[in-house]
Structure formats: C-alpha cells, structure tokens
Amino acid sequence: MNANRTTTSGSAATPALDQVTRTLSTFRQGEVLDVPWLVRAIAAHSSLRLLGVLAKVVKFKTCDYVVVTQTCDIARSSDKRPYLQLAPLIRVSDPGRAKRYGEGETPQYVAVPEAGSDAFADLDRIMTLDKSLAVNCSHYAGVGKDIDELRRFGQAVGRKFDRYPFPNYFVQSVDPLRQRVLERWDKPASPEGTILADLVQIRVEPVPVEEASETGFTLAFIMKQGSLPILADPPAPSPSILRWLDKPKTASEIAKKLAETPGLDDKAHLFDKLAEAWAGLCQTNDVVRQVTGLIVSEDEYALSDYWQSERLDLDQLSGPVTSG
C-alpha cells in the first residue's frame, strides 16, 4: 500500500475558490482522501425508513475515500463544479474474491491498485464532498500515472452507471448461462475456468427491447488477444475430433478436450463448439426462440458489431424479476 500521503496546506477556514482550484489541479480520478469526519444516517427500524425518519447518525468505520469524479471535473473551477463524488475504500481479505473483483466480476467494486491488491472503491456508497473541504484532507494517488491504468479505472467506474436495462424475458433466458459463468469463474483451476479467465466480455446482438415479438439472439464471447488460435482459413478439424463430437458435449467436456488438444485447427473448431455450448445453456421462451454463440478475439471484433450490440453484464443480470 502506498503510505506516502501528502497533506495539502490550508487553514481551517474555507479557502478562496481560486486557491481550491489550484490545489485540486494536482488531483485526478482515483485519488484517495483521508476523511475521518464523514458520518451517515441510518434507520433503526424498517417502519421508520418507510416514514423517512432517520433514527441514528453513525460514523463510518472507514476514513479512506476514493475520488470517482472525472479528472476534468476535478480540475474545473470550484464555482462551476463545487463538489467531488467519493466512494469508500474497502479491504477484501479473501484473495479469491479480491481477484474476481479485480477482474471485474461486479461493477460495484473497482480496484484501486496503488492502495493494494485488496483495495476497492465501493460504488454503492457514493457521497458528495465540497471541494473546499477536500483540500484540507491528506491524500495519495490510488491509480498510477500509466494511461492504460487510468483508463481501466475510469471505464470500471463508468460501467456501474452505463448498464443496459435488459427486459425480463431476456434475463430469464440467459440466467442459466449467468449462473454457469459465475460458478466456473470461482474455479480458475478447472479447464473451463481457465478459459473464462480470458473472457473480456459477452455482447448480445440484436439489442433486446422491452416490446418484442419472437426473435433470436447471438452471443459474442470476446476473448483476450492471443488466447484463440490464429488461422488463415476456417478450421479443418481432424477426423478424430469430428468423431468425438458426434455426440453432444457439455461446455466442461469441450473445455477439458481443449486442454488436451495441441492442433490449431482442432482447437479453433473446439472453441467454436464451446461458444455454441455456452449459448445452448440459455432457455427459449415466448420471445427468445433461439440463442446462438460465437467466439472471437478482442482484436478481431468489428466496430460495426460493437455499435449494434450491447454488453451482457453478468452481475447486472441478478435473476429475472418476479411479480408479487
């Protein structure tokens, strides 16, 4: 953890706006502030919450907060942008869970790498702080200066607020796939878990809409560059692989075979079949009549396909909404 905190000079009185702006020009998104005096209000009983009555005011256990405001807005004049948005910095003691959060399992938690591998901003508890107060807090950079690291942090924050509202019929259809991927993500040592570690994202095309008649969807499983075989032509699988595939195979069986198969053509063919097996986990219903799957490297996924599709955020699909 970066322990080299710096304390911004300033008196207890509210600094002049121009001084606040000058001081904050050294801040950027991902800055970690020590704010020991923030408090929160909670309701002691559900009936009080319904009435809008706040029964207790308690001090946050954490003192470290991560600035999630975009850097350009941090630097803007305090009279035009007088506030910062902060998220509490939490520590995750379970290494496995910390690894999954760092890989983007859930948009609620965003890794703060300079604060440690166990450090995450909790975006479910964002609060507002006046800039004139922020300048009196000790602080350090929670994200390094590398442009790729800064972009990853900003994109992870944006993901929380830019998720598409998938209709219930689609959520019902893909829920078995969601459960499968999250379950295997917890088992990185398994052949299927190893492959899922290279999964960048899943995109769905066409974009599901609320009012829809019978239709089909394609799920694109986009993989890290270099994780798929590179071939000049469509794969020409060996007779032995074709015989092995004569009977339907599960995603786990295909993933295990991939771990055992050295030939590039066989591997490419099996990856195609793996995408089909994952898509085959989805259930048809009155609207979703068919789900097909394809697998593609991130450097080969066309921009035109990107604009016509939507990211399938598995954490967002927490299960179909039921009436009652």
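Two strands count as paired if DSSP finds at least two bridges between them. Keep that in mind for this one. It is a predicted model.

Let's start with a sheet. It is open, has four strands, and its order is E13-E12-E11-E14. The pairing is mixed. What are the edge strands? They are E13, residues 288-297, and E14, residues 310-311. Each of these pairs on one side only.

Now look at E12, residues 215-223. How many bridges join E12 to E13? Nine, and the two strands run parallel. For a place to look, find Gly216: opposite Gly216 stands Gln290 of E13.

Next, the helices on this sheet. Helix H11 covers residues 264-280 and packs on the sheet. H11 touches E12 and E13. Its direction makes about 145° with that of E13. Then there is helix H7, residues 168-185. H7 lies across E11, E12 and E13, with E11 being residues 199-205. Relative to E12, helix H7 runs at about 45°.

On to another strand pair. Strand E6, residues 83-91, is joined to E9 by four bridges, and this pair runs antiparallel. Gln85 has Thr128 in E9 as its bridge partner. Which face of E9 is covered? The one with Met127 and Leu129. Thr128 and Asp130 make up the uncovered face.

Last stop, Asp305. This residue sits in helix H12, residues 303-307. Why does Asp305 count as partly exposed? Because its relative accessibility is 29%, and partly exposed lies between under 20% for buried and over 50% for exposed. Asp305 and Glu205 are 100 residues apart along the chain, yet their C-alpha atoms are separated by 8.0 Å.

How values were computed: Residues numbered from 1 in each chain as written. Predicted model: local features only at pLDDT ≥ 70, side-chain atom pairs only at ≥ 80, totals over all residues. Heavy atoms only, no water. Contact = heavy atoms within 4.5 Å. Axes fitted to C-alpha atoms, helices over the stretch in contact; angles between N-to-C directions. Buried < 20%, exposed > 50% of the residue type's maximum accessible area, 1.4 Å probe, protein only.
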